[in-house]
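Let's take a friendly walk through this protein, one kind of contact at a time. Keep the structure open beside you as you read.

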Amino acid sequence: MFYHILTFWAFLVTLQGQESLADAPLKIVNEELIDTEAIGEVNTTQNFTNFGLLRKLNKRLSYVASSCKDIRDVYGDTEDGLYYLTTANGMLYQTFCDMTTSGGGWTLVASVHENSIYGKCSVGDRWSSQQGNNPNMPDGDGNWSNRNTFGAVESATSDDFKNPGYYDIIAEDVSVWHVPNNFALEHWNLGAILRYHTNNRFLRLYGGNLFKLFKQFPVRYNIGSSGNRGPSFPIVYDHGDRESTRQLYGPNPRAEFEPGFISFRAINNERAAMAICSGVRPLRGWNTEHYCIGGGGFFPQHAHQCGDFPSFDWDRLGREQGWSASKEMTEAAVLLFYR
């Protein structure tokens, strides 16, 4: 104790000429001298707040932008993470920006997450139907082509997510990440089993976003007609390749599709439309429910095909046999980005 008193006295002497102890970068905690400027840089057992990080994140509130591309171009921020965006009507919302892939500026607008592969068109299947396999509701919940929003950005791999950017942002291309369920946001990039994007500005042809694309190509059961399939576009791989994409699905679907594309509104044998085919383009056969996600709320022959990940478990979950998708693909959320 006497040593600490002497040390403190020596410290006071060094402060001569300063107006008060408040000007000093040190403070006494439990009779020890602590450098308060270094607190945020030292790992201790105490829960110190990282004020530097909070100030940096709070600064992002001052950005006025409608997309992550705006933030990159106007403010020069190139760090992946959470940012705030504003819609054309002035609504403020938070989302994740990918500022590193292929030049950055990608805005997360949605995620499709299968909370239970055994629950077919049940609670949580927001991208198909939460009302069951219902012929009176062929569009299901209709969230591919409406302005409903749901979920939180930080839990986009633990639940379905859709923010106002899905229908508000006018974009040119999409990026897709397949991230294992329940992954923390800071590990999405490294943890993804597949990451790819388009680079041909195809959204210009459909109004600038998926909301308007699906207005033109409804995701529903086509009564009396097989209807027209939606478009397909080539992708550029950021992680993974055509062969790894192929192996993520069952041996039977591999004979029906070509990897290296993203496709929309693929019709199956039951004349029901899947929303998005993840990294593939259907070529022959009409069993798209085994390798495409989302869909309407009615499958006239097989209710087992209904759901956000319709029939990824047809020949038992994760067995990678017959028509079943791999465990890795079935248990990964599909994150959708615009730029």
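Predicted model: local features only at pLDDT ≥ 70, side-chain atom pairs only at ≥ 80, totals over all residues.

## Disulfides

Start with Cys68 and Cys97, which are joined with an S to S distance of 1.9 Å. Cys68 belongs to helix H3 (residues 68–75) and Cys97 to strand E4 (residues 92–98), so this link ties together parts that are 29 residues apart in sequence. The link is left-handed, with -75 degrees about the S-S bond, and both Cys68 and Cys97 are buried.

In the disulfide of Cys121 and Cys306, the sulfur atoms are 1.8 Å apart. Cys121 sits in the loop between strand E5 (106–112) and strand E6 (161–162), and Cys306 in the loop between strand E15 (292–293) and helix H9 (327–330), so parts 185 residues apart in sequence are tied together. A torsion of about -75 degrees about the S-S bond makes the disulfide of Cys121 and Cys306 left-handed. Cys121 and Cys306 are buried.

Cys277 and Cys292 have their sulfur atoms 2.0 Å apart in a disulfide. Here Cys277 comes from strand E13 (residues 273–277) and Cys292 from strand E15, 15 residues apart. Is the disulfide of Cys277 and Cys292 left-handed or right-handed? The torsion about its S-S bond is about 85 degrees, so the disulfide is right-handed. Cys277 and Cys292 are both buried.

## Aromatic rings

Next, the rings: the whole structure has 22 aromatic pairs. One of them brings Phe96 and Trp188 together edge-to-face, at 5.2 Å centre to centre and with 65 degrees between the planes. Phe96 is in strand E4 and Trp188 in helix H5 (residues 188–191), so to find them look 92 residues apart in the chain. Phe96 and Trp188 are buried.

Trp127 and Phe150 also form an edge-to-face pair, with 5.5 Å centre to centre and 70 degrees between the planes. Trp127 and Phe150 both lie in the loop between E5 and E6, 23 residues apart, and both are buried. Ring pairs link Trp127 and Phe150 into a cluster with Trp144, Tyr166, Phe202, Tyr206, Phe214, Phe217, Phe233, Phe264 and Tyr338.

Which ring does the charged end of Arg281 sit over? The ring is that of Phe261, with the charged end 3.8 Å from its centre. Arg195 lies over the face of Trp177, 5.6 Å from the ring centre.

Arg195 and Trp177 turn up again around Thr101, which touches Trp106, Trp177, Asn189, Arg195, His197, Asp238 and Arg339, leaving aside residues up to four places away in sequence. Thr101 is found in the loop between E4 and E5 and is buried, with a relative accessible area of 6%.

## A four-stranded sheet

An open sheet of 4 strands runs in the order E9-E12-E13-E15, with antiparallel pairing. Strands E9 (232–234) and E15 stand at its edges with a single partner strand each, so one side of each has no neighbour in the sheet. E9 and strand E12 (residues 261–267) are joined by 3 bridges, and Ser232 stands opposite Ser263 in E12.

## Salt bridges

Side chains of opposite charge can pair when their charged atoms come close. This structure holds 15 salt bridges. Among them is the one between Arg60 and Asp77 (3.9 Å, N to O). Arg60 is in the loop between helix H2 (51–59) and H3, while Asp77 is in the loop between H3 and strand E3 (81–86), 17 residues apart. Arg60 counts as buried at 3% relative accessibility, and Asp77 counts as buried at 15%. Arg60 and Asp77 also belong to a network of salt bridges with Lys56 and Glu79.

Asp313 and Lys120 meet in a salt bridge of 3.1 Å, N to O. This pair links parts 193 residues apart: Asp313 in the loop between E15 and H9, Lys120 in the loop between E5 and E6. Asp313 and Lys120 are buried.

Finally, Arg201 and Glu172 form a salt bridge (3.5 Å, N to O). Are these two buried or partly exposed? Arg201 is partly exposed, with a relative accessible area of 44%, and Glu172 is partly exposed at 24%.

Conventions: Residues numbered from 1 in each chain as written. Heavy atoms only, no water. Disulfide = S-S within 2.5 Å. Helix = DSSP H or I, 4+ residues; strand = E, 2+ residues; numbered from the N terminus. Buried < 20%, exposed > 50% of the residue type's maximum accessible area, 1.4 Å probe, protein only. Phe/Tyr/Trp six-rings, centres within 6.5 Å; stacked < 30°, edge-to-face > 60°. Lys NZ or Arg CZ within 6 Å of the ring centre and 35° of its normal. Contact = heavy atoms within 4.5 Å. Pairing = 2+ DSSP bridges. Salt bridge = Lys/Arg side-chain N within 4 Å of Asp/Glu carboxyl O.
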